[in-house]
Amino acid sequence: MRLIRAETFAQRYFAPEDQPDKRTVRTWVENGTVPGRIVGVMTYVDAEAWEKSTGNAIADRILKAA
């Protein structure tokens, strides 16, 4: 697991005009939409899990279980 800060995640995986706010990324992590962890006030995204995801929640669960 390679954790990166929410700001780094937004810069690395989104075009400049489409970058989500760090509060949005935090909500995604809290809801389980994006894999990651919240440590205190900091939000981190699991970059490896994000890169391996398909974007389809059901397919991701199946692949994770295999």
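**Close-up views of a predicted model**

**View 1. The largest nonpolar core.** Eight residues make up the largest nonpolar core: Ile-4, Ala-6, Phe-9, Val-25, Val-29, Val-34, Val-45 and Ala-47. Helix H1 (6-13) and helix H2 (22-31) are the elements that give two or more residues to this core. A nonpolar core here is a set of buried Ala, Val, Leu, Ile, Met, Phe, Trp, Tyr and Cys residues joined through side-chain atoms within 4.5 Å. Helices (H or I, at least four residues) and strands (E, at least two) are DSSP runs, numbered from the N terminus.

A quick note on the model: it is predicted, so local features need pLDDT of at least 70 and side-chain atom pairs count only at pLDDT 80 or more, while totals for chains, interfaces and linings use all residues. Residues are numbered from 1 along each chain as its sequence is written, and side-chain values use heavy atoms, with hydrogens and water left out.

**View 2. Around Val-29.** Leaving aside neighbours within four places in sequence, Val-29 is in contact (heavy atoms within 4.5 Å) with Val-34, Gly-36, Arg-37, Ile-38, Thr-43, Tyr-44 and Val-45.

**View 3. Thr-43 in its strand.** Thr-43 sits in strand E3 (residues 42-46). With a relative accessible area of 8%, Thr-43 is buried; buried means under 20%, exposed over 50%, and partly exposed in between (1.4 Å probe, protein chains only). Its side chain makes a polar contact with the side chain of Arg-26, at 3.3 Å. For a polar contact you need a pair of N or O atoms within 3.5 Å; within protein, one must be able to donate a hydrogen and the other to accept it, and residues adjacent in sequence count only if both atoms are side-chain atoms. Not counting residues up to four places away in sequence, Thr-43 touches Ile-4, Arg-5, Ala-6, Val-25, Arg-26, Val-29, Arg-37 and Ile-38.

**View 4. Leu-3 and its neighbours.** Leu-3 belongs to strand E1 (residues 3-5). Leu-3 counts as partly exposed, at 36% relative accessibility. Gly-36 is 33 residues away from Leu-3 in sequence, yet the two are 7.1 Å apart in space, C-alpha to C-alpha. Setting aside residues up to four places away in sequence, Leu-3 touches Arg-37, Tyr-44, Val-45 and Asp-46.
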